[in-house]
Each structure stands twice: as C-alpha cells, then as structure tokens.
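Dear colleague,

Please find below the structure I promised to pass on, together with its sequence. My notes on what was found in it follow directly after.

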Amino acid sequence: MLNLNDLAKPAENLADDVKDYISMQEDKLKLQTTKAASMGIARLLAMVLIILVAFVALMLLAFAGVLLLGEAMKSYAGAAFIVAGVVIVALLVLILCKKKLFVNTFVKLFIDVFYGEK
C-alpha cells in the first residue's frame, strides 16, 4: 500500500537541498567579496606607500637641487625658484595626464581585483 508520507519525502528533500545550496552560494559570495576587498585595500595601501616614499625622495632631491644650484649661482633664493618651477611643470604634466595615470589605473586595479587577472 502506498503511503502519502513516502510520496512527500522527495519534495521535502529537494526543498532542503535547495536551502543548503542557497546557503552555500551566500557563503561563497561572502568569501569572494572579502577576498576582493582585501586585495583591493592591500593594493591601494601599497600604492599609497609607494607614492609616499616617492614624495619624500622627490622632496629630498629638490632640497639637494636647491643646495647645489644655490652654491653654483651664489643665490639660494634663485635656486629655490628654479627648483619650484621644475616641480610646477611636473605638476602641470600630472594634471594634464591625470585621467590616463590615475583613473585608468584604478579601473584596471579594481577589475583585476573583482574579476581576476585575465
């Protein structure tokens, strides 16, 4: 004789399996998001650190340039203006190229982080 409980068991098992699958997919998404966020933050902090060290090195080079030019020109003020002019020209070049240098760099960085390097 056929029992009604026996007929309902496959449907109940299917519902439980679907719930487990959805739970596992949620966990997978959380892990992938955490990994991507961690990688993004790590790369961003690495960039900030590199830029900070480069900034300090450039400032030391600018100071050394002022000292060298000041000795040669016998005017530290004139040397400071020359070095400041060079720095301003470099700043203008960076401003003109900011989209290519910064925006595209961050777009590529986050594409690599979230979609993998392909």
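Helix 2 (residues 76-96) holds 21 residues, and at 1.5 Å a residue it should span 30 Å, which agrees with its end C-alpha atoms being 30 Å apart; the expected span is taken as 1.5 Å times one less than the number of residues. Helices here are DSSP runs of H or I with at least four residues, strands are runs of E with at least two, and both are numbered from the N terminus.

Please keep in mind that this is a predicted model, in which local features need pLDDT of at least 70 and side-chain atom pairs count only at pLDDT 80 or more, while totals for chains, interfaces and linings use all residues. Residues are numbered from 1 along each chain as its sequence is written, and side-chain values use heavy atoms, with hydrogens and water left out.

Within helix 2, the residues Gly78, Ala79 and Val83 are buried, where buried means under 20% relative accessible area, exposed over 50%, and partly exposed in between, with a 1.4 Å probe and protein chains only. Seen down the axis of helix 2, its buried residues fall within an arc of 140°, so they line one face of the helix; the arc is that of the directions from the helix axis to the C-beta atoms. On the face turned away from this buried side, helix 2 carries the exposed residues Phe81 and Leu96.

The loop between helix 1 and helix 2 contains Lys74, whose phi is near 60°, a positive value in a residue other than glycine. Lys74 counts as exposed, at 72% relative accessibility.

As for the chain, it has three helices and zero strands, and buried residues make up 8% of its 118 residues. Its accessible surface comes to about 10100 Å², of which 75% belongs to carbon and sulfur atoms; such areas come from the Shrake-Rupley method with a 1.4 Å probe, and for residues only the protein chains shown count as cover.

There is also a nonpolar patch on the surface, with about 960 Å² of accessible area together, and among its members are Leu44, Val48, Leu94, Phe106 and Ile111. Patches are made of residues with over 30% relative accessible area and no salt bridge, like charges being joined within 9 Å and nonpolar side chains (Val, Leu, Ile, Met, Phe, Trp, Tyr) within 5 Å; a salt bridge is a side-chain nitrogen of Lys or Arg within 4 Å of a carboxyl oxygen of Asp or Glu. Helix 3 gives the most to this patch, with eight residues. Ile111, found in helix 3, is partly exposed, with a relative accessible area of 42%.

With best wishes
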